[in-house]
Amino acid sequence: MEISHIIFVIVSSFAIVAILMPFLIGYLVAHKEGQSIREEGPKWHEKKSGTPTMGGLLIILATFVTDIWVGLWQGQLDRSLLITTFVIVLYGCIGFIDDFIKVFKKRNLGLRAYQKALLQVVVGIIFLYVYNDDQLPMNFTIPGLLSVNSAVIFILFTIFWLVGFSNATNLTDGLDGLLGGLGAISYATYGIISLNQNRVDLAIVCFSVVGALLAFLIYNHKPAKIFMGDVGSLALGAGLAAISILLGRYWSLLLIGLVYVIETLSVMLQVFSFKVFHRRIFKMTPIHHHFEMMGWSEWKIDITFWIVGAICSAIYLILFV
């Protein structure tokens, strides 16, 4: 895949989001459909209440349209491209239902936890069904420790990976621009890995998401004119998990997506510590709120986390690609 083709992919999805986003923002503002800020968050986030959300809709639309037309143009409209695109779309649909309940039904909690988890598992099963055992290597490996040729273990792991990272990116999406920047870095990294493995189909998906996120950041950087919503955050994490599995590099996501992992672990450790020891480890979780409570500005947190994400991605590319 030539550099010019990569640029076409990025520009295509960038243009779709950049052109259509003002219309989506205008519609949501006109109908007074905005995000309700959760009460347990930082008090100064209350001023963000009413900001339009569900901007992830256009990220998914741009990715879908670009994947299809570029896939046809490049002759890469194969099963890998289609299933990865539809994992992103279907997890986006779960997020859309969640956002719709929050925004239009005015129920701040959205989907119940078990409802969301069940839908996420169902999409994971669909992913595995479409990519059956003659396509996916059913070999679960922990480098240097374990290698098990078990379809059952691999299936359970794959579902866990999709559900886990979709929730991890969802937790990370708590500050203006934070997930948009991190997501662009992560997908660009997997785009480079895909090209290195001659997986043009997956590279198309990766760089289409990069273009969409770069355009989204125009409207989502602080002060955000629109939020991504669960429709975007759930889709991004699931897409990363699916791509890491299809590339046969699922453990790479622990380093490339280290920030998402830390965000999730901070919540888990906080809950465990409070339930067992009745003490909090962090001022507030996910951990980006901890730094806010310490007096860091949103821009400082964004840039710091982006740099950490970029360094982790660079380390992986240098060491393993």
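1. Helices here are DSSP runs of H or I, at least four residues long, numbered from the N terminus. The model is predicted. By that numbering, F96 and F100 both sit in helix α3 (residues 79–103). They are four residues apart, about one turn of the helix.

2. An α-helix has 3.6 residues a turn, so residues three or four places apart point the same way. Helix α2 (residues 56–74) holds W69 and W73, also four residues apart and separated by about one helical turn. W69 is partly exposed, at 37% relative accessibility. W73 is partly exposed too, with a relative accessible area of 39%. The F96 and F100 rings form a tilted aromatic pair, 6.0 Å centre to centre, with 35° between the planes. F96 has a relative accessible area of 32% and is partly exposed. For F100 the value is 32%, again partly exposed.

3. The aromatic pairs come to 17 in total. One of them is W69 with W73, and this pair is stacked. Their centres lie 5.7 Å apart, with 15° between the planes.

4. Other aromatic features deserve a look. One cluster is formed by F154, F157, F160, W161, F165, Y250 and W251. Elsewhere, K300 lies over the face of W296, 4.4 Å from the ring centre.

5. Does the length of α2 agree or disagree with its residue count? It agrees: at 1.5 Å a residue, its 19 residues should span 27 Å, and the end C-alpha atoms are 26 Å apart. After α2 comes G75, whose phi is positive, near 70°.

6. Which elements do the buried residues of α2 pack against? They pack against α1 (3–30), α3, α7 and α8 (230–246). The buried positions of α2 include G56, L58, I59, I60 and A62. T63, T66, D67, V70 and G71 are also buried. Buried here means under 20% relative accessible area.

7. In soluble globular proteins, nonpolar side chains tend to be buried together. The largest nonpolar core in this model has 86 residues. Its largest share, 14 residues, comes from helix α7 (residues 200–220). M21, F127, Y187 and Y190 have the most contacts inside the core.

8. Leaving out residues up to four places away in sequence, Y190 touches C206, L240, I243, S244 and L247, among others. R249, S252, L253 and I256 are also touched by Y190.

Notes:
Residues numbered from 1 in each chain as written. Predicted model: local features only at pLDDT ≥ 70, side-chain atom pairs only at ≥ 80, totals over all residues. Heavy atoms only, no water. Core = buried A, V, L, I, M, F, W, Y, C linked by side-chain atoms within 4.5 Å. Buried < 20%, exposed > 50% of the residue type's maximum accessible area, 1.4 Å probe, protein only. Helix = DSSP H or I, 4+ residues; strand = E, 2+ residues; numbered from the N terminus. Contact = heavy atoms within 4.5 Å. Phe/Tyr/Trp six-rings, centres within 6.5 Å; stacked < 30°, edge-to-face > 60°. Lys NZ or Arg CZ within 6 Å of the ring centre and 35° of its normal. Expected span 1.5 Å × (residues − 1).
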